[in-house]
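Here is a walk through one structure, taken a step at a time. Keep the sequence and the 3D view open as you read.

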2 protein chains.
Amino acid sequence: MSKKDEPVRPEARLPKGLFDTQASELRACADMLAKIRVVFEAYGFEPLDTPAIEYTDALGKFLPDQDRPNEGVFSFKDDDDQWLSLRYDLTAPLARYVAENYQTLPKPFRRYQVGPVWRNEKPGPGRFRQFTQFDADTVGASSVAADAELCMLAADTLEALGVERGQYVVKVNSRKVLDGVMEAIGISDRNQKLSVMRSLDKLDKFEWSDVERLLGPGRRDESGDFTPGANLDPVQIKKVRALMDVWEAVRLRPSNAFQVEVLNKVIEEGPPESLISGLTELKTIDETVYSSGYGQDRIRVDLSVVRGLEYYTGPVFEAELTTPIKDERGIPIRLGSVVSGGRYDGLVERFTGEKVPATGVSIGVSRLLYGLKTLGKISAEATQGPVVVLVLDRDRMADYQNMAQRLREANIRAELYLGESGMKAQMKYADKRRSPCVVIQGGDEKGRGEVQIKDLVLGATLTSIKDRDDYLKKQAEAQFAVPEDKLVEAVRGVLARHKS
Amino acid sequence: MSKKDEPVRPEARLPKGLFDTQASELRACADMLAKIRVVFEAYGFEPLDTPAIEYTDALGKFLPDQDRPNEGVFSFKDDDDQWLSLRYDLTAPLARYVAENYQTLPKPFRRYQVGPVWRNEKPGPGRFRQFTQFDADTVGASSVAADAELCMLAADTLEALGVERGQYVVKVNSRKVLDGVMEAIGISDRNQKLSVMRSLDKLDKFEWSDVERLLGPGRRDESGDFTPGANLDPVQIKKVRALMDVWEAVRLRPSNAFQVEVLNKVIEEGPPESLISGLTELKTIDETVYSSGYGQDRIRVDLSVVRGLEYYTGPVFEAELTTPIKDERGIPIRLGSVVSGGRYDGLVERFTGEKVPATGVSIGVSRLLYGLKTLGKISAEATQGPVVVLVLDRDRMADYQNMAQRLREANIRAELYLGESGMKAQMKYADKRRSPCVVIQGGDEKGRGEVQIKDLVLGATLTSIKDRDDYLKKQAEAQFAVPEDKLVEAVRGVLARHKS
């Protein structure tokens, strides 16, 4: 084809917020997912897979009062003009699945699902337009035992990944308690609610005096920046503080657990129903996990857990790594929660009109992987590559392939060099592939019925050896000849040297 | 919320051509993919993952001379008005990746990738709009040793999945041979070429006399249906037949292998370059695989392999299961190829203008899974479910959860029943979950410090027992009490009875 006829060449690039994943990262991730799967299966969850594409209306992603999908999801029209979207989480497809198959499912229905989701949002540091979620949900169980169980599952999952006791904590709160607090202090305005939530969310980072300012007129930090407050009056703030003491009582389990009478004293006009109900839930969760051997070092009630204000309807929980984590430049970072979840009863209602209780947990796969790497729980290093059989005589490709095949038959990763380059480039290739050793057979070796084995790992250390005798000894170990029929044995010997 | 305020409820359904995958199918598929992965890794291939979304131009999926994407791909505009598409295979993203990272990649570059692809096509039986592919490609290797290796890889993969020698065959052909045949018989019209290809494709099903009719004026089958022919004249057909004899010589390896002199006799005016080159390639592939121990029962040259007329530029190959396969109704079906691939040199050229040789292989995951199931190589049965701890006293949820937890800590899948229903429904639930046994503790058992274990597998056989003594003995084995602290031991005993 002449240059003139060629079409304009596209640029090889990915759209923003989308990324390729290389071998070492993929292997680490697959390893992590396999371990998570074992824990989820141990709790009786069954795998489910749903397609990436769903009807936009089934995902509940039309803009309010409009025939246009929410801009946050990737959408396109089917050939019958109906709107389709890429799933933006694994919960909406679960809702569709449960509503569609309700009659035949075991109830409660426990399923886990792992897979990519897509968000048509502005990407940023740590924010992608495609990322992987790992979810477990129990549908059709109204008992808080189901929520308690997911907290245990979160703890077990982190420990299965090597995170030790003391390096993580699962924190539980209840949406009902938060609602009850708002009601008790007389707040109904949505923005003011959000403002109070945000202030309470700071409880695990700030002193009470600072949170008090955030609940009131606002707070100026050391740098002089001013954060506007929730504008509660002093009486309201006093009530919040009193409620927190009740909370503390809930935390001091099990003998000193929460008493409704205490609440009655704190709130003179009588505490709202939701507050009592929420605190009772937390008490039950607390007792359940305690009875199964989960101490406060692993799972604890914590007022600072706020999470999805509108979405959740009962207990909410999140797990975070408590060991300080640093970024690549050594600067400490707040990783945020690596597992999170809660109860939501609107799941199937959207389709059937009937409330179906459900509770679920979701793992942010990339964030958790990043956390595990910085904690040294997962090797970030690339794994050892295959043995490479070099090609010295291009007419003897079949012989070289046969050597590679003999190694593979002995369960050794091995490949024939398939490029066109000479010896030096082939050695460079083997280095790049992180090969433990190469197999060499030129005319001379062939004549003697031998192959040369070159140990690349040992070879790389030679330059640092000062002592002559030692050098010669190591050099002899790093490259040596064996009879052709001892190839597999000899390679096995080299691999055994560098077993990690 | 009152009924009036509720929005119209969406119907819970999936768009056509898209499907959910249940636990047993998912487990079987994951098992299969893991085995394939081991073989691909053994050959030195490294995993890569690319996102589902790519620029439409990078996928090469704009309609010719238009700014509109091909309708066969799902496409949508990004917020900067550029067209994005869901990948329709794993090869186009590989091309983009290689072009983007060419400088830093080891060359040749071996990668495998597994993941879903999307086709915006009319779905039909066995044709879906989302399906999984498992690909391996070697980029930057012009040697046919790379093609030969992929044939070996295909054979090894099938054997790793339990397909025995004689139950499958890998067939190799070359696009160059097909081109050469066309040139030798003087065909340049695209439609006539296609028609000849289709006729040759029938060689493994039809007698030569029938293929001859298809190459000529056409063929009427037993039912009276007429298939139009390729309209070759008798001289052209004679040449095709003569070329086929040369082919046969290639197949009778290794001593009687193809000789250019034979070709010269067949085609008086001298055979076209591509024909000689193609047959030489096939001879080399044949020698290579033979030297690595792959006989004609596993890999063989076969004229009937046609595959993607426009796409491939050299060797093409496909593996099929040769054991007769029947569908659910017992009717024999032609499954088609389960692994297929070939050489294509236009991969990176689209981006850089430079030809980069590449060869690859692709597994149709669903089709292969279906084939393996019908051959009995993969269990289609659902796996055993978790042990279910029943809830007889709702105030003792924490105790029951503790029992489930003790089982899990002993690596036994176990769950607490989380629904609201009574004993009978709980037993039904356990049946539906395929639980091997349930754990029961009511007030009486609690009083005696005992738990009841009910073996559901054994229990299901009781009704068929005629002999009274035998019945009573088995009944006693199927449900029995043990001290609380012997729970794990007792459940382990039941599981051991039904180990599959």
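This is a predicted model: local features need pLDDT of at least 70, side-chain atom pairs count only at pLDDT 80 or more; totals for chains, interfaces and linings use all residues.

Two residues are in contact when they have heavy atoms within 4.5 Å of each other.

S362(B) sits in strand β15 of chain B, which covers residues 358-364. Is S362(B) buried or exposed? Its relative accessible area is 17%. Buried means under 20%, so S362(B) counts as buried. Leaving out residues up to four places away in sequence, S362(B) touches Q133(B), F134(B), D135(B), V338(B), V339(B) and S340(B). Now look at G342(B). It is 20 residues from S362(B) in sequence, and their C-alpha atoms are 9.2 Å apart.

Follow one of those contacts to Q133(B). Q133(B) belongs to strand β6 of chain B, residues 130-139. It is buried, at 12% relative accessibility. Which residues does Q133(B) touch, not counting those up to four places away in sequence? They are D89(B), L90(B), Q113(B), V114(B), G115(B), V117(B), R119(B), S362(B), I363(B) and V365(B).

Next comes Y112(B), in strand β5 of chain B. Y112(B) is buried, with 2% relative accessibility. Its contacts beyond four places in sequence include R37(B), F40(B), E41(B) and F45(B). E46(B), P47(B) and L48(B) also touch it, as do F134(B), D135(B) and A136(B). Y112(B) and D137(B) are 25 residues apart along the chain, yet their C-alpha atoms are separated by 6.5 Å.

Now turn to the nonpolar cores. In soluble globular proteins, nonpolar side chains tend to be buried together. Here the largest nonpolar core has 72 residues. Those with the most contacts inside it are M32(B), I36(B), F40(B), L232(B), L321(B) and L368(B). Which helix gives the most to this core? It is α3 of chain B, residues 144-160, with 9 residues.

Setting aside residues up to four places away in sequence, I36(B) touches F134(B), T157(B), L161(B), I363(B) and L368(B). I36(B) is also one of the residues of α1(B) that meet α3(B).

That leads to the helix pair. Two packed helices are described by the angle between their axes and the distance between the axes. Helix α1(B), residues 23-42, packs against α3(B) at an angle of about 145°. The two axes are 9 Å apart. The crossing is right-handed. On the α1(B) side, K35(B), I36(B), V39(B) and F40(B) take part. They meet L153(B), D156(B), T157(B) and A160(B) in α3(B). By class, this contact has 5 nonpolar, 1 polar and 2 charged residues.

Two further helices are worth a look. Helix α9 of chain A, residues 273-291, has 19 residues. At 1.5 Å a residue it should span 27 Å, and its end C-alpha atoms are 27 Å apart, so the two agree. Its buried residues include L275(A), I276(A), L279(A), L282(A) and I285(A). Just after α9(A), G293(A) has a positive phi of about 95°. Helix α12 of chain B, residues 397-409, has 13 residues. It reaches 18 Å from its first C-alpha to its last, close to the 18 Å expected. Among its buried residues are M397(B), Y400(B), M403(B) and L407(B). N411(B) follows α12(B), and its phi is positive, near 65°.

Finish with the backbone. Most residues other than glycine have a negative phi, and most peptide bonds are trans. What phi does D81(A) take? It is positive, about 75°, although D81(A) is not a glycine. D81(A) lies in the loop between β3 and β4 of chain A. It is exposed, at 53% relative accessible area. N231(A), also not a glycine, has a positive phi of about 60°. This residue is in the loop between β9 and α7 of chain A. At 55% relative accessibility, N231(A) is exposed.

The last stop is a pair of cis peptide bonds. One runs from K107(A) to P108(A), with omega near -5°. P108(A) lies in the loop between α2 and β5 of chain A. In chain B, K107(B) and P108(B) are joined by a cis bond with omega of about 0°. P108(B) is found in the loop between α2 and β5 of chain B.

Notes:
Residues are numbered from 1 along each chain as its sequence is written. Chains are lettered from A and ligands numbered from 1 in the order in which they are written. Side-chain values use heavy atoms; hydrogens and water are left out. A nonpolar core is a set of buried Ala, Val, Leu, Ile, Met, Phe, Trp, Tyr and Cys residues joined through side-chain atoms within 4.5 Å. Buried means under 20% relative accessible area, exposed over 50%, partly exposed in between (1.4 Å probe, protein chains only). Helices (H or I, at least four residues) and strands (E, at least two) are DSSP runs, numbered from the N terminus. Axes are lines fitted to C-alpha atoms, for helices over the stretch in contact, and angles run from 0 to 180 degrees between N-to-C directions. A crossing is left-handed if the near helix is turned anticlockwise from the far one by less than a right angle, and right-handed if clockwise. Ala, Val, Leu, Ile, Met, Phe, Trp, Tyr, Cys and Pro count as nonpolar, Asp, Glu, Lys and Arg as charged, and the others, Gly among them, as polar. The expected span of a helix is 1.5 Å times one less than its number of residues.
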